[in-house]
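Subject: Structure for your review

Dear colleague,

Please find the structure below, followed by a summary of what was found in it.

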Amino acid sequence: MLELSKVSKDFDGLRAVSNVSLSVKQGEIVGLIGPNGSGKSTLLNVISGRFPVTAGRITFQEHDITPLSPDRIFHLGLGRGFQDPSLFYQMTVLDNTILPAKAQKGENPLFAPFKRFWRQEEHQLAERAYEILTQIDMGRLFGQLASELSGGQMKLLDIARSQMGNPQMLLLDEPTAGVAPPLAQSIFEHIANLRQNENMTFLIIEHRLDMLFNFVDRVYVMHMGELLAHDTPDEILENAEVREVYFGD
Ligand SMILES: Nc1ncnc2c1ncn2[C@@H]1O[C@H](COP(=O)(O)OP(=O)(O)O)[C@@H](O)[C@H]1O
Ligand SMILES: [Mg+2]
């Protein structure tokens, strides 16, 4: 479904991602791990179109998405979540969920003055948003301001938002960072349910390996911008090179 071929990304002479090739099949949950600064977030930003690649090629389904904008990539069905959710804190949970949805006519300056054109669509978006929020047990919080949420609830809201365009695949950057263990577990259970029930595909950066490894099919390990290893969770835990750079063995 997603394929990276020899992808590199430089920042002012610093090679943050170097020659990375990887692939994710439809319906898989794949982990991306590595020490701080190893290039994981940069790689996600390159895939989602936020940063242009320096070299290499990225395909999503049959499309070459290498040169596309984040907006175009999102519309092809590849969504993402953020390490730091950057919510609209003075807006409600429901409005935060709806905001990034596809093709909102009310935002189009041509339609904005004509409420009757977008009232129907906004109503449908609100219903879908409420449904998603209910799945993650946040339905009752729909009218609350985002600023009133706990850190864990903010991460959940970010995942809810990323689902709004009904993406076929999601890229998630540390979906449980700063989240208490029981809620972190339920975030991963939610991800597993999305795979099970909606056949969604995931590439997930996570530093909580004990949690991650219960849910992923395969793991890629990055170190200093390069791919160090790629295997099942059990094999990764046994890999001497990985243990050395990652666990300090
Ligand atoms: N926008 C940026 N501009 C310049 N350097 C960056 C930028 N983003 C990341 N880097 C650098 O790229 C390297 C990899 O960072 P990052 O991808 O955030 O690692 P990780 O997510 O694995 O912790 C680091 O050296 C970081 O300082
Ligand atoms: Mg990061």
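This is a predicted model: local features need pLDDT of at least 70, side-chain atom pairs count only at pLDDT 80 or more; totals for chains, interfaces and linings use all residues.

Residues are numbered from 1 along each chain as its sequence is written, chains are lettered from A and ligands numbered from 1 in the order in which they are written, and side-chain values use heavy atoms, leaving out hydrogens and water.

The protein has nine helices and ten strands (DSSP runs numbered from the N terminus: H or I of at least four residues, E of at least two). Its radius of gyration, taken over C-alpha atoms, is 19 Å, close to the 18 Å that the globule rule (2.2 Å times the number of residues to the power 0.38) gives for 249 residues, so the protein is as compact as a globular protein of that length. Of the 249 residues, 48% count as buried (under 20% relative accessible area, 1.4 Å probe, protein chains only).

Strands β9 (residues 218-223) and β10 (residues 226-231) run antiparallel and are joined by five bridges; pairing requires at least two bridges found by DSSP. Met222 stands opposite Leu227 in β10. Two residues lie between the strands of this hairpin, where Met224 takes a positive phi near 50°.

Yours sincerely

Technical notes: Buried means under 20% relative accessible area, exposed over 50%, partly exposed in between (1.4 Å probe, protein chains only).
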